[in-house]
Amino acid sequence: MKIKVYFFGILTDVTGSNEQELKDIENLSALKSWLWRNYPKSKEMDFQVAVNKKLIEGKIDFKNGDEIALLPPFAGG
Amino acid sequence: MLLQNKNFLQEGPILPDQISDIIDQVKSFNIGAYALFLGQVRADTINHKTVTEIEYSAYPEIVENETCGIFETIFNQYNDLQLIHITHSTGKVKVGEISLIVLVGSKHRGPVFKALEETLELIKSKLPVWKKEYFNDDSYTWTQNTPQ
């Protein structure tokens, strides 16, 4: 199973990338563990999650091919 | 017919001529009052460094959905309202340049100021837009919105 993860705002600096393809990450909790393990700085960071371009709250299970976006606090205007 | 624009994001600064163009293009004889908000990049000084420009980035697909949601919310709340226009910059915008236009138009002046303010607050809280402030020594920082 593969998912594509997109990073925005400060998370692009923390991860050094705009997107990454990940294997066998089945839910949001596993994605957070992966993120925290690989980029410890991200532990201090708050973010919302979008799956396939829709904002989602709560527990999330991923499907093969899902596009996950991690969105730090917004700063527009 | 209620009026709302379609392209919410624009690469680079918003030019002063665009503001008059928007009003010129509306051509609605139902509008008797407009209220306009312009967001401008400010030369803040932080730790002895001065902001020279802001680079905005966004998640365009969600910006589009959420902006449509803002139109719906505000039009439902203010019956007299005829027009909402929102344009937000992406990419680099220098100090003194405009990065946001919000224009609302109504039959009468009553609701325009409240509708404008509420639209602006929704833009700040709902639209996935991020800003990187660049300083005069080429360093930068990611910033978050401050209340009002």
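**Working through the model**

Author: Start with B:S28: it counts as buried because its relative accessibility is 18%, where buried means under 20% relative accessible area, exposed over 50% and partly exposed in between (1.4 Å probe, protein chains only). This is a predicted model: local features need pLDDT of at least 70, side-chain atom pairs count only at pLDDT 80 or more, and totals for chains, interfaces and linings use all residues. Residues are numbered from 1 along each chain as its sequence is written, chains are lettered from A and ligands numbered from 1 in the order in which they are written, and side-chain values use heavy atoms, with hydrogens and water left out.

Reader: Where does B:S28 lie in chain B?

Author: In the loop between α1 (16-26) and β3 (33-40) of chain B. Helices (H or I, at least four residues) and strands (E, at least two) are DSSP runs, numbered from the N terminus.

Reader: Which backbone nitrogen lies 3.2 Å from a polar atom of its side chain?

Author: That of B:N30.

Reader: Switching to β8 of chain B. How many of its residues are buried?

Author: Seven of seven, across residues 129-135. B:V129, B:K131, B:E133 and B:F135 are buried on one side. B:W130, B:K132 and B:Y134 are buried on the other.

Reader: Why two sides?

Author: Side chains in a regular strand alternate between the two faces of the sheet.

Reader: Which strands pair with β8(B)?

Author: β5 (residues 49-58) of chain B pairs with β8(B) in the antiparallel sense, over seven bridges. β9 (residues 140-143) of chain B also pairs with β8(B) in the antiparallel sense, over four bridges. Pairing requires at least two DSSP bridges between the strands.

Reader: Now the interface. How much do chain A and chain B bury?

Author: About 1700 Å² between them, 61% of it on carbon and sulfur atoms. Buried area is the accessible area (1.4 Å probe) that two parts lose on being put together, summed over both. A:K53, A:F74 and A:G77 lose the most in chain A, together 37% of what that side buries.

Reader: How many salt bridges across it?

Author: One. The side chains of A:K53 and B:E61 meet at 3.8 Å, N to O. The rule wants a side-chain nitrogen of Lys or Arg within 4 Å of a carboxyl oxygen of Asp or Glu.

Technical notes. Polar contact = N/O pair within 3.5 Å; in protein donor to acceptor, adjacent residues only side chain to side chain.
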